[in-house]
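This report goes through the fold, the helix packing, the ligand shell and some backbone details of one protein.

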Amino acid sequence: MDILNALPPHDPESRDGVPIWTPPGGPPQTDRIPAAVYETMGEEQITRFFHAFYSRLGRSSIAHMFPKSEKNLMRAADKSAAMFVFLFGGPHLYQQRYGRPMMRARHLPFVIDEPARQEWLRCYRETLDEAPEKYKMPTEHVDAVWKFVVDFSGWMVNAETQSNGES
Ligand code: HEM
């Protein structure tokens, strides 16, 4: 899948010298999410899902990674929604609007360790739990979406677990 592409070497100075770590298993072998998810939700409900998800991220312990202002936070949500329109079986809106996905590369400027991934997944899970009722996600495909993000988020981890600053 093109969304798995890696990128040229990154300048470690741009992320406060935290070395880049690469998951030893390499890119995940993810199953496709059934296109029925896009067909049922459409771009509108998928976008609403991502606004709710990013609102949670904005109140989470990894909020510092995301834009502070509500307007820019929702802009970031729109980008992720465009990617997930494709991942849920619709047109490749992300590629059309923003160019090559290169997902791991685009996450490299952010220090993402395993606890950060778990917090991201917690916010996603909470949004997913209300998705059939609020955003028309087909209940029978919730597990497939969850499996995809659990697998794929592992590949976004790019730093060994950071200590809490005590030495
Ligand atoms: C390991 C958990 C993850 C963390 C902590 C994380 C964090 C972030 C951050 C901080 C941004 C930048 C937000 C901004 O625009 O200011 C971002 C962007 C984005 N993320 Fe993630 N992410 C994670 C997993 C994923 C996964 C699994 C996907 C699914 C494909 C994804 C898709 C995206 C997309 C499409 C963007 C926009 C990229 C761009 O155009 O700049 N993320 N993410």
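Predicted model: local features only at pLDDT ≥ 70, side-chain atom pairs only at ≥ 80, totals over all residues.

Read from the N terminus, the order of elements is α-α-α-α-α-α-α. Of the 167 residues, 23% count as buried. Among contacts with a sequence separation of 6 or more, 78% are between residues 24 or more positions apart.

**Helix packing**

Two packed helices are described by the angle between their axes and the distance between the axes.

| Helix pair | Angle between axes | Axis distance |
|---|---|---|
| α1 and α5 | about 140° | 9 Å |
| α5 and α7 | roughly 165° | within 11 Å |

The axes of α1 and α5 are at an angle of about 140°, which makes α1 oblique to α5. The crossing of α1 and α5 is right-handed. On the α1 side, the contact is made by Phe49, Ala52, Phe53, Arg56 and Leu57, and on the α5 side by Cys123, Tyr124, Glu126 and Thr127. By class, this contact of α1 with α5 has 6 nonpolar, 1 polar and 2 charged residues.

Alanine 52, one of the α1 residues in that contact, belongs to the helix that spans residues 36-58. In sequence, alanine 52 and cysteine 123 are 71 residues apart, while their C-alpha atoms are 9.2 Å apart in space. Is alanine 52 buried or exposed, or partly exposed? Alanine 52 has 17 other C-beta atoms within 10 Å and is therefore partly exposed; the cut-off for a buried residue is 20 or more.

The axes of α5 and α7 cross at roughly 165°, so α5 is roughly antiparallel to α7. The crossing of α5 and α7 is right-handed. From α5, the residues Arg117, Trp120, Leu121, Tyr124 and Leu128 take part in the contact; from α7, the residues are Val142, Val145, Trp146, Val149, Val150, Ser153 and Met156. The classes in the contact of α5 with α7 are 10 nonpolar, 1 polar and 1 charged. Tyr124 is listed both in the contact of α5 with α1 and in the contact of α5 with α7.

**Ligand shell**

Which residues come nearest to the ligand? Of the 23 residues around the ligand, these are Met65, Ala76, Met83, Arg117 and Trp120. Elements that give two or more residues to the shell are α2 (70-87), α3 (93-98), α4 (103-107), α5 (114-129) and α7 (142-156). The shell consists of 17 nonpolar, 3 polar and 3 charged residues. Arg117 and Trp120, named among the residues that come nearest to the ligand, also belong to the α5 side of the contact with α7.

**Backbone details**

Most residues other than glycine have a negative phi, and most peptide bonds are trans. Methionine 102 is not a glycine, yet has a positive phi of about 40°. The position of methionine 102 is in the loop between α3 and α4. Methionine 102 counts as partly exposed because 16 C-beta neighbours lie inside 10 Å.

Lysine 136 also has a positive phi, near 65°, in a residue other than glycine. Lysine 136 is found in the loop between α6 (131-135) and α7. With 16 other C-beta atoms within 10 Å, lysine 136 is partly exposed.

Technical notes. Residues numbered from 1 in each chain as written. Near = placed C-beta within 6 Å. Helix = DSSP H or I, 4+ residues; strand = E, 2+ residues; numbered from the N terminus. Nonpolar A, V, L, I, M, F, W, Y, C, P; charged D, E, K, R; others polar. Buried ≥ 20, exposed ≤ 12 C-beta atoms within 10 Å, placed from the backbone. Axes fitted to C-alpha atoms, helices over the stretch in contact; angles between N-to-C directions. Parallel < 35°, antiparallel > 145°, perpendicular 65-115°, else oblique. Left-handed = near helix turned anticlockwise from the far one by under 90°. Contact = placed C-beta atoms within 7 Å.
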